[in-house]
Amino acid sequence: MSARRLAIRQPEQFALSASAKKEISNWVKKYPKGRQRSALIPALWIAQKDAGGWLPELALRELGDMLDMAYIRVYEVATFYTMFNLEPVGVHFVQMCGTTPCWLRGSDELKVMLERKIGPQRSISADGKLSWLEVECLGSCSNAPMVQISNADGDHYYEDLTAETLEAVLDDLAAGKKPPQGPKNGRFSSEPIGGAMALTTIGTAKRIKSLPNAAAKAKIVDHANDSKPKPAAKKKAAPKKAAAPKKAAAKKPQVIYTDGPTDGAPDDLKLIKGIGPKFEGDLNSKGIYYFRQIGAWKAADIKMVEELIDSIPGRIKRDEWVKQGKALAKGGKPRAMKKAKS
Ligand code: FES
């Protein structure tokens with residue numbers, strides 16, 4: 001980290017505004033008596049905003065007086081944290097992230113453009129409207145490369161930038177416009193470039209609809225595609241064996257609860273060894289509330305449930321959820337309780 005010093009050119013006069021003083025005294029009140037210096041960092045931030053984006057030495061001294069601190073202690077904090085500017089900035093102050101994720105995604109190109117358009121770091125453009133600084137990660141790495149631009153309206157993030165899109169933002173700001181913040185490549189947030197790939201409504205409904213062993217009185221999530229087993233598929237084999245229709249009926253898509261259990265109070269699924277609060281919540285969210293449902297699972301059901309609740313494959317079988325579910329449905333004691341007694 002480089003040494004940071006106060007600006008050589010300082011204003012001859014400076015005084016915090018009444019509103020800034022009030023805001024700082026509100027922060028001071030949050031700390032016990034005698035500990036008012038704990039409010040120094042928010043006080044520096046407020047003073048910086050009040051002074052137009054930087055901290056003149058007179059502002060630091062005024063804070064020292066307000067917080068009953070030696071001036072050198074105030075200087076120490078202000079010069080340590082790079083969020084505090086020690087020299088004047090432009091009307092729109094650009095902080096460009098140059099940390100690895102942003103660098104890998106092209107921050108060097110932004111840097112070249114900023115140098116061309118504004119000048120070297122810490123300099124202010126000829127019209128006084130723009131200045132810039134390279135900083136470390138600003139916490140928006142998933143939308144790299146990005147900048148934070150601070151002005152009288154606040155601090156704004158512009159993300160997923162190219163040199164061209166950032167330059168367009170700067171032109172708009174310099175022209176007095178207010179370009180919308182956020183990603184500049186069409187993304188809404190940090191979803192994949194090609195669009196969201198999870199939690200799409202149709203896909204979710206299809207998966208939930210086919211969940212096994214849901215209770216019979218439940219509401220059906222989605223009737224639209226709830227096609228019954230095709231007669232042609234089962235009837236061809238049926239003439240030879242009378243049992244065929246029963247098997248076909250058993251393969252019907254299962255229905256599940258959508259708004260809670262309707263067959264009485266739900267069982268405490270955590271009594272099944274291997275099911276904790278998280279798995280219980282996951283199972284409930286898929287319409288599984290009762291021991292008898294779990295006790296009736298077959299191998300295919302187990303496989304499907306493991307996928308639905310993101311369980312490690314083989315875990316349900318290893319922990320014998322089905323066996324335990326059957327026993328508990330018949331009024332048996334939880335496995336853990338039996339062990340505790342032995
Ligand atoms: S690395 Fe640039 S925002 Fe994190």
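Helices here are DSSP runs of H or I with at least four residues, strands are E runs of at least two, and both are numbered from the N terminus.

Okay, ground rules. This is a predicted model, where local features need pLDDT of at least 70 and side-chain atom pairs count only at pLDDT 80 or more, while totals for chains, interfaces and linings use all residues. Residues are numbered from 1 along each chain as its sequence is written, and side-chain values use heavy atoms, with hydrogens and water left out.

The overview, then. The chain has 16 helices and 5 strands. Of its 342 residues, 39% are buried, where buried means under 20% relative accessible area with a 1.4 Å probe and protein chains only. Take the contacts (heavy atoms within 4.5 Å) between residues at least 6 apart in sequence: 63% of them join residues at least 24 apart. The accessible surface is about 20,500 Å², with 56% belonging to carbon and sulfur atoms; that's Shrake-Rupley with a 1.4 Å probe, and for residues only the protein chains shown count as cover.

Back to helix 3. Its buried residues are Ala59, Leu60, Glu62, Leu63 and Gly64, and what covers them includes helix 1, helix 2 and helix 4.

Which residues have the most contacts inside the largest nonpolar core? They're Leu40, Leu44, Leu55, Leu60 and Leu63, in a core of 19 residues. By nonpolar core I mean a set of buried Ala, Val, Leu, Ile, Met, Phe, Trp, Tyr and Cys residues joined through side-chain atoms within 4.5 Å. Helix 1 (18-28), helix 2 (40-50), helix 3 (57-66) and helix 4 (71-80) each supply at least two of its residues, with the largest share, 5 residues, coming from helix 2. If you click on Leu60, you'll find it touching Leu6, Leu44, Leu55, Val74, Tyr75 and Ala78, leaving aside residues up to four places away in sequence. Apart from that core lies another, of 17 residues, among them Val94, Met96, Leu161 and Leu173. As general background, nonpolar side chains in soluble globular proteins tend to be buried together.

Leu173 takes us to helix 7. This one covers residues 163-174, so 12 residues, and reaches 16 Å from first C-alpha to last, close to the 16 Å expected at 1.5 Å a residue; the expected span is 1.5 Å times one less than the number of residues. Buried here are Ala163, Leu166, Glu167, Val169, Leu170 and Leu173. Why are they on the same side of helix 7? Because they cover an arc of only 155 degrees around the axis, taking directions from the helix axis to the C-beta atoms. Their cover includes strand 1 (92-97), helix 6 (107-117), strand 2 (130-135), strand 3 (147-151) and strand 4 (154-159). After helix 7 comes Gly176, with a positive phi near 85 degrees.

Last stop, Ser107 in helix 6. Ser107 is buried, at 2% relative accessible area, and a polar atom of its side chain lies 3.5 Å from the backbone nitrogen of Trp103. Ser107 also touches Met96, Cys97, Gly98, Cys102 and Pro145, again not counting residues up to four places away in sequence.

And Gly98? That residue sits in the loop between strand 1 and helix 5 (100-104), and counts as buried at 19% relative accessibility. From Gly98 to Ala144 is 46 residues in sequence and 9.7 Å in space, C-alpha to C-alpha.

Notes:
Buried means under 20% relative accessible area, exposed over 50%, partly exposed in between (1.4 Å probe, protein chains only). A polar contact is a pair of N or O atoms within 3.5 Å; within protein, one must be able to donate a hydrogen and the other to accept it, and residues adjacent in sequence count only if both atoms are side-chain atoms.
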